[in-house]
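Hi everyone, thanks for coming. Please take a moment to look at the sequence and the model before I start talking.

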Amino acid sequence: MACLLAVAFGLRAELCSAITGACWQELLAGVEAQMDVLVFSGVFLVEQYDLVPLIRKKVQAGVRFRLLVGDEKSDAVQQRAIDEGTPGGLEGRIQLMRRYLAEVAELDGVKIRTHGTTLYNSMYRFDDQLLVNPHVYGALAGQSPVLQFKRHPNGTVWDHYLKSFEQVWRCAKPEKGE
């Protein structure tokens with residue numbers, strides 16, 4: 001894909017906010033089978049890239065969505081908000097995201113859960129593409145780097161990150177519809 005910004009093993013990395021709108025649009029529009037997201041908020045996906053209408057359209061084509069959003073009341077979220085200097089702000093962004101996602105929570109193929117884990121990385125999976133946004137202490141997610149990985153049959157990095165996603169998924173609380 002033309003929009004790939006970083007390659008496994010740190011050959012090149014950009015700040016998450018440096019990912020262009022065209023790149024996000026290409027990744028979102030290109031999803032054909034599975035999209036997984038692990039974030040605290042991720043509200044930018046809805047407000048800048050129309051995630052909710054995209055989900056409605058894509059589930060009709062058989063795409064599956066698993067969305068993990070933070071529990072705004074959890075200790076981990078509240079501590080992260082303090083660490084990044086936005087007490088109350090992160091919690092509000094999470095509430096917005098959960099409200100937006102409630103519109104698609106009942107659709108077949110959409111699963112939404114909330115988690116209170118310490119979030120070391122945000123993850124965005126688009127079929128065989130994976131964006132990993134390692135969080136830097138005291139910085140907003142958009143001010144932190146993003147790494148991009150492609151799934152390879154003999155690769156271990158992809159499986160390592162997806163195992164982490166699955167661990168959070170198993171301990172997360174289902175939202176409506178699941």
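Helices and strands here are DSSP runs, H or I of at least four residues for helices and E of at least two for strands, numbered from the N terminus. Please keep in mind that this is a predicted model, where local features need pLDDT of at least 70, side-chain atom pairs count only at pLDDT 80 or more, and totals for chains, interfaces and linings use all residues. Residues are numbered from 1 along each chain as its sequence is written, and side-chain values use heavy atoms, with hydrogens and water left out.

First, the overall layout. The protein has six helices and eight strands, and from the N terminus on they come in the order β-α-β-α-α-β-α-α-β-β-β-β-α-β. Of its 178 residues, 47% count as buried; buried means under 20% relative accessible area, exposed over 50%, and partly exposed in between, with a 1.4 Å probe and protein chains only. Among contacts between residues at least 6 apart in sequence, 71% join residues at least 24 apart.

Now to the strands. Two strands pair if DSSP finds at least two bridges between them. Strand 2 (residues 34–38) and strand 3 (residues 64–70) run parallel, joined by five bridges, with Q34 opposite R64. On to strand 4 (residues 110–115): strand 3 pairs with it over six bridges, again in the parallel sense, and G70 stands opposite H115 there. Strand 3 is mostly covered, with six of its seven residues buried.

Next, please find helix 3, residues 51–60. Which of its residues are buried? They are L51, V52, L54, I55, K58 and V59. Because they cover an arc of only 155 degrees around the axis, they sit on the same side of helix 3; the arc is that of the directions from the helix axis to the C-beta atoms. The face turned away from the buried side of helix 3 carries the exposed residues K57 and Q60.

What do the buried residues of helix 3 pack against? Their partners are helix 1 (21–30), strand 2, helix 2 (44–47), strand 3, helix 5 (89–101) and strand 4. Take I55 as an example: leaving aside neighbours within four places in sequence, I55 is in contact with F65, L67, L101, V104, L107 and V110. Just after helix 3, G62 takes a positive phi of about 95 degrees.

I55 also belongs to the largest nonpolar core, which has 53 residues, and L51, I55, L101 and F126 have the most contacts inside it. Such a core is a set of buried Ala, Val, Leu, Ile, Met, Phe, Trp, Tyr and Cys residues joined through side-chain atoms within 4.5 Å. Helix 6 (residues 157–171) gives the most to this core, with six residues.

Let me finish with D36, which lies in strand 2. Is D36 buried or exposed? D36 is buried, with a relative accessible area of 1%. Its side chain makes a polar contact of 2.6 Å with the side chain of Q34, and another of 3.0 Å with that of R66. A polar contact is a pair of N or O atoms within 3.5 Å; within protein, one must be able to donate a hydrogen and the other to accept it, and residues adjacent in sequence count only if both atoms are side-chain atoms.

Key
Contact means heavy atoms within 4.5 Å.
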